[in-house]
Amino acid sequence: MSFLELKGVTKSFGSNVVLRDINLSIARGEVAAIVGYSGAGKTTLINLIAGLTRPDTGTVSMNGKIITEPGPDRGLVFQNYSLLPWLTVRENIELAIQAVFPAWTADQRAASVEKHIRMVGLGHAAHRRPVELSGGMRQRVSLARTLAIDPEVLLLDEPLGALDALTRATLQDEISRITQESGKTVLLITNDPDEAIYLADRIIPLSAGPGATLGPDFPVTLARPRDRRAMNHDPDFKRLRNQIVNWLLGPGGRVVQSVSKRLILPDLLPEDLDEPRTLFGTSRQPRRRSEQKREVVEIR
Amino acid sequence: MRSKKLIDLLVLPLFGIGLSLLIWHLISGATVSRVLPDGTTEEIKTGLVKDLPGPLMTWEKTRKYVVEPFAKREDLDQGILRFTWYSLVIVAKGYLIALLLGTPIGFLLGLSPLFTKLFDPIIQILRPVSPLAWMPLGVVLFAGTGKAANELGALFTIAICAMWPTVLNTAVGVRAIPQDYLNVARVLKLSRTQTLFKILVPATLPYMFTGYRLSLGIAWLVIVAVEMLTGRIGIGNFLWNEYNNGLYTSIILSILTIGVVGFLLDRAMSLLERRFKTA
């Protein structure tokens, strides 16, 4: 039985259909990745699972229970980190722990905070505020905060989207390590097929919007732990990458819509360069055909 | 680099003040006594602005208020800082009431669209009303309290006039809280109280303090008017009495004192405001 399930989900904002006919099921312990265009509705999809928005039709359920509101059983790592700027790294994580495990003693809380700060390698920056951290470090804090509330599923919403390539690679390694160690169910949303292949067990492409929908599954069979450099030369990797990219660029990935519009073409004639310049510039202008009075054509 | 900063922060402003004093001196008038040939004396006013006392004369005539700033000779004859202190005390009380009322109203406005629709028009109508208009109402409202009526009326006026910047800035701050922070609260399932004190209040603090600073400025503006009307002893009252006595030098001293104190209050609040700036 699937652990996380979306059935016939559609979502529109006003008259703008963002997602249509989304069917997805993720097994417990699986790392699934959704790859799609920017602006296709990936964040909307993850917000639906997180419970931050409700679907128009269809159901989103976890453990057989329909999701109606956000909760700490689904740990959402926000695209823009969403750290509270007035709290230090430690306090940000502590707030989450305090909220989710109110029964814990101060010692238990402190131990958990330290454990998760160390897990993302930020021991030296625990007392700093988010403004004093680089983007990569902020995302680590955000990840630590989410892991600290021990969610059943980890929802990663383009977690590395705003980072430079090198930081991205390091953090991908870390996410890979942490998700493998914790054995948690993970849903990763990304626009980078390489990242998806590197991290996931299964990749589901999301077509371009409006009215984006999920494509066929692409299972990733590469053995773990995956080596980024070796992977680049792996024929399986190349084939998979091509398949995904081709699907996204092909007819399935793109929604072809025909629009018929009445066009009114400008009724202009080229300007007459022979017309003399005046003191105040030039009187010549593109003229409208309807304004033409008379034209004399001399034939010799 | 450091000396440039010194010039910018100290030398240039001091030079500007000196220049202003010089202009003041040049345009101010003086009264000169002249003995006429027939033995009588005649007083002649000279200068560009004949009735404006110059800086030297102002200093000479108001020295006693400045060199003994905390002296208390009579009720209406006290050191300038003693008068200022009386005013500051009542401003502080009124200002505190303004903050205690204004902050929750601001939160309600920011959080509840219904509350905004209900009360925003009223607020916009009451906001531009001058302290001079509120004052009599304040005194009437508290007339039943007898001797304290003036005091309570003054507090009422200061509070109601100084409240609006706090109300509006807090409301703006609450509305400006990024959805992300609220999403964090929703995902963590914070209770309403927790959301208020862990997310909403800290996220709004910078805006609140901007409001607090502006409110303090207004409270200080209002005090002069309030003291003139109620006859409560303080710097504004001193100014008014000296005007009635025709001592224009004291008026100038009062104006300068009010200005300097207002400036210092604003600086202090702005330091506090910077302390609460996040991100």
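## Nonpolar core

A nonpolar core is a set of buried Ala, Val, Leu, Ile, Met, Phe, Trp, Tyr and Cys residues joined through C-beta atoms within 7 Å; a residue is buried if 20 or more other C-beta atoms, placed from the backbone, lie within 10 Å of its own. In this predicted model, local features need pLDDT of at least 70 and side-chain atom pairs count only at pLDDT 80 or more, while totals for chains, interfaces and linings use all residues. Residues are numbered from 1 along each chain as its sequence is written, and chains are lettered from A in the order in which they are written.

The largest nonpolar core comprises 127 residues, and those with the most contacts inside it include A:Ala200 and B:Ala219. Helix H8(B) gives the most to this core, with 16 residues. Beyond residues up to four places away in sequence, A:Ala200 touches A:Val31, A:Ala32, A:Ala33, A:Leu188 and A:Val220 (contact: C-beta atoms, placed from the backbone, within 7 Å).

## Packing of H3(B) and H8(B)

The axes of H3 (residues 80–111) and H8 (residues 192–230) of chain B come within 9 Å and cross at roughly 135 degrees. Helices are DSSP runs (H or I, at least four residues) numbered from the N terminus. Their crossing is right-handed (near helix turned clockwise from the far one by less than a right angle). Among the residues making the contact are B:Gly94 and B:Ala98 of H3(B) and B:Ala219 and B:Trp220 of H8(B).

## Surroundings of B:Trp134

B:Trp134 lies in helix H5 (residues 131–141) of chain B and counts as buried, with 22 C-beta neighbours inside 10 Å. Leaving aside neighbours within four places in sequence, B:Trp134 contacts B:Val129, B:Thr157, B:Ile160 and B:Cys161.

Conventions. Axes are lines fitted to C-alpha atoms, for helices over the stretch in contact, and angles run from 0 to 180 degrees between N-to-C directions. Helices (H or I, at least four residues) and strands (E, at least two) are DSSP runs, numbered from the N terminus. Two residues are in contact if their C-beta atoms, placed from the backbone, lie within 7 Å. A residue is buried if 20 or more other C-beta atoms lie within 10 Å of its own, exposed if 12 or fewer, and partly exposed in between; C-beta atoms are placed from the backbone.
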